[in-house]
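Here is a short report on a two-chain model. Please keep the sequence and the coordinates open while reading.

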Amino acid sequence: MLRNSRTEILVALVLIAPFLAIYLLVFVYPTAQMFRISFTDAPLIGEGKWVGVANYLRLLKDPMFRRAAWNTGYFVLMTVVPGTIIAMLIALGVSRLKGRFQSAVLALFFLPYILPVSVVYLIWDWTLNFQFGVAMHVLDLLGVARVPVFKSREWFLPTVALVTIWWTAGFSILLFLAGLRAIPAEIYEAASLDNATRWTTFRRITWPLLWPITSLVVTIQLILQLKIFDQVYLFSVGGRPNENMVFVYYIFHRAFEQNQGGRAAAVAVTLFVLVVVVSVLQFQLLRLTERRPR
Amino acid sequence: MTVLTARNWNFWGGIITALTVAAAVLWAFPLYWGVISSLKPDDEVVRPYIELWPETPTLENYIHALTTTQIGAWYVNSVVVAVGVTIITVFSSMLCGYAISQLRFPGRLGLWWLILASFMVPTSALIINHFVLVANLGLLNTWAGIMLPQLIHPVIIIVYKQFFDQVPRDFREAAVMDNASEFGVLFKIYMPMNWGVTTALSIVCFIWTWNAFLWPFLSVTRTEMMTITVGITQVNDAFGVYYARELSAAVLAGLPVALAYLIFQRRVTEAITLSAGIKG
């Protein structure tokens with residue numbers, strides 16, 4: 001038996017070796033390095049002097065960091081809350097449909113999620129184009145003045161948030177649908193025997209039973225949107241990137257445009273800690289305990 | 001579900017269904033509009049009213065995108081990177097998931113917690129050090145460099161482990177007693193049992209990698225080495241204000257993943273639901 005378990009250990013080591021090697025190289029090592037250089041004045045490539053927490057102290061007084069923090073928070077608020085509500089409403093609507101018809105309608109909502117961000121960018125840049133965009137024709141018909149949304153300070157983030165909701169809602173819809181399917185039909189039957197109204201049924205049955213999924217959707221969205229970069233960067237090109245600064249954009253800006261690896265790493269560590277705190281605070285911990293191996 | 005069916009017949013149920021369908025059409029309209037615009041000649045694209053169908057449909061925008069940009073090279077880059085990342089990630093994750101689920105070895109729980117914990121780490125915070133790492137390895141502007149930081153999707157291991165967990169450990173022990181080799185058990189028994197999961201995870205891994213923007217954007221500066229997702233955003237100048245040409249490039253970039261989804265709709269939605277930690 002002893003020999004058996006020794007072979008077992010040996011086999012296990014061989015099996016986990018490829019993953020572990022990649023993991024150490026592109027995950028553990030860069031994470032450790034990120035923390036280390038955040039305490040130095042290193043450029044992007046190369047070594048720097050140890051400066052203690054100076055990079056972090058500078059962040060506190062840095063107006064651009066403050067704007068990045070503010071914009072990220074604003075963006076998270078504008079995507080997570082409406083995005084979750086919209087996805088839930090759509091899922092409630094789609095769950096009523098059946099068979100092929102349901103798959104077809106779901107596909108229309110889901111297709112954007114499957115597309116690369118740059119395709120989403122080009123499509124919306126065209127749809128909302130100030131001169132020729134189809135949305136502007138609609139505004140004309142409604143008698144509303146056209147807005148150059150991606151060049152406007154007030155409209156930029158709300159518009160990018162709208163595009164982001166359009167792009168990512170499919171994922172949340174899918175989760176809500178899975179949640180709705182898990183609610184036993186008998187409960188609804190009982191409710192209808194009691195002549196419960198549609199609203200009462202939703203409030204007393206669907207909403208509470210869907211709550212675990214709702215919090216899952218909110219957490220996933222929250223973490224995803226804290227890391228917003230691609231859309232903001234793409235829509236900012238030729239616009240006002242500094243006004244639209246968000247966390248990851250700021251990391252990019254410091255590291256790749258200003259060649260200040262150390263200062264960028266301080267921002268990265270801040271984002272890192274923020275995301276970890278959010279994950280832990282939310283019920284992520286709950287999910288982890290459910291996944292304990294046998 | 002039966003109750004909901006009965007409700008479909010009443011008035012409000014009908015209204016809700018109609019609204020859902022209307023919302024779906026409106027939702028997909030920008031996609032339709034993008035595709036239709038890419039089929040219009042230049043003068044029709046900029047007409048100041050809404051024209052739902054091109055008067056003279058044309059492929060000239062596509063021909064232009066294919067012949068004057070490096071879209072062919074970008075396609076090759078995207079395919080190589082996405083296929084490479086998918087094979088390496090899915091394979092190494094399967095091995096690791098199997099080991100954690102079916103074998104007993106020291107450090108097993110620690111490894112499992114490490115994988116779960118890495119779920120929380122934002123990879124976009126690691127871009128600086130990924131760049132330094134890949135630059136030091138001399139891999140900027142190479143396929144290997146684009147692939148390397150993308151080789152980790154802890155969620156794939158988690159899903160594999162869940163699936164392997166459904167097989168009792170005695171099963172493996174009995175097979176090993178019967179003189180099956182350890183690797184034989186994995187490749188001849190466990191892997192075929194889970195082809196469905198492997199296909200589903202491979203498709204979504206391919207889609208994720210195809211769609212990746214931030215890292216391919218940072219690690220490549222030479223136009224001919226770009227993936228298509230990055231490439232189509234970097235050549236605006238070459239197109240000038242020819243919106244239809246940009247859109248045709250966008251359609252070409254989105255087509256493979258859109259087709260992958262439409263063909264494997266069930267598998268894709270299954271894998272994505274699984275990746276959120278919900279058992280489908």
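## A helix crossing in chain B

The crossing of α2(B) and α16(B) is left-handed. A crossing gets that label if the near helix is turned anticlockwise from the far one by less than a right angle, and is right-handed if clockwise. The axes of α2(B) and α16(B), the latter covering residues 243-263, come within 8 Å and cross at roughly 120 degrees. Axes are lines fitted to C-alpha atoms, for helices over the stretch in contact, and angles run from 0 to 180 degrees between N-to-C directions. Helices (H or I, at least four residues) and strands (E, at least two) are DSSP runs, numbered from the N terminus.

On the α2(B) side, B:G34, B:V35, B:S37 and B:S38 take part. They meet B:Y243, B:A244, B:L247, B:S248, B:A250 and B:V251 in α16(B). Contact requires C-beta atoms, placed from the backbone, to lie within 7 Å. By class, this contact has 6 nonpolar, 4 polar and no charged residues. Nonpolar covers Ala, Val, Leu, Ile, Met, Phe, Trp, Tyr, Cys and Pro; charged covers Asp, Glu, Lys and Arg; the others, Gly among them, are polar.

## Model and numbering

This is a predicted model: local features need pLDDT of at least 70, side-chain atom pairs count only at pLDDT 80 or more, and totals for chains, interfaces and linings use all residues. Residues are numbered from 1 along each chain as its sequence is written, while chains are lettered from A and ligands numbered from 1 in the order in which they are written.

## Domains of chain B

Chain B is assigned domain 1 (2-63) and domain 2 (69-275). These bounds come from an automatic or database domain assignment. The C-alpha centres of domain 1 and domain 2 of chain B are 32 Å apart. Their contact takes 9 residues from domain 1 and 8 residues from domain 2. On the domain 1 side, α2 (11-38), α3 (42-45) and α4 (60-68) of chain B each give two or more residues. The largest share, 4 residues, comes from α2(B). That side divides into 3 nonpolar, 4 polar and 2 charged residues.

## Chain B overall

Chain B has 17 helices and 0 strands. Its radius of gyration is 24 Å, well over the 19 Å that the globule rule gives for 280 residues, so chain B is more spread out than a compact globule. The radius is taken over C-alpha atoms, and the rule is 2.2 Å times the number of residues to the power 0.38. Buried residues make up 45% of chain B.

Is B:V197 buried or exposed? B:V197 is buried because 22 other C-beta atoms lie within 10 Å. The cut-off for buried is 20 or more such atoms within 10 Å; exposed means 12 or fewer, and partly exposed lies in between, with C-beta atoms placed from the backbone. B:V197 sits in helix α12 (residues 195-211) of chain B. Beyond its neighbours within four places in sequence, B:V197 contacts B:V159, B:Y160 and B:F163.

## Chain A and the interface

Chain A has 12 helices and 0 strands. Of the 294 residues of chain A, 44% count as buried.

The contact between the chains takes 81 residues from chain A and 88 residues from chain B. Helix α1 (residues 2-37) of chain A gives the largest share of the chain A side, 18 residues. The chain A side has 60 nonpolar, 12 polar and 9 charged residues.

Conventions:
Contact = placed C-beta atoms within 7 Å.
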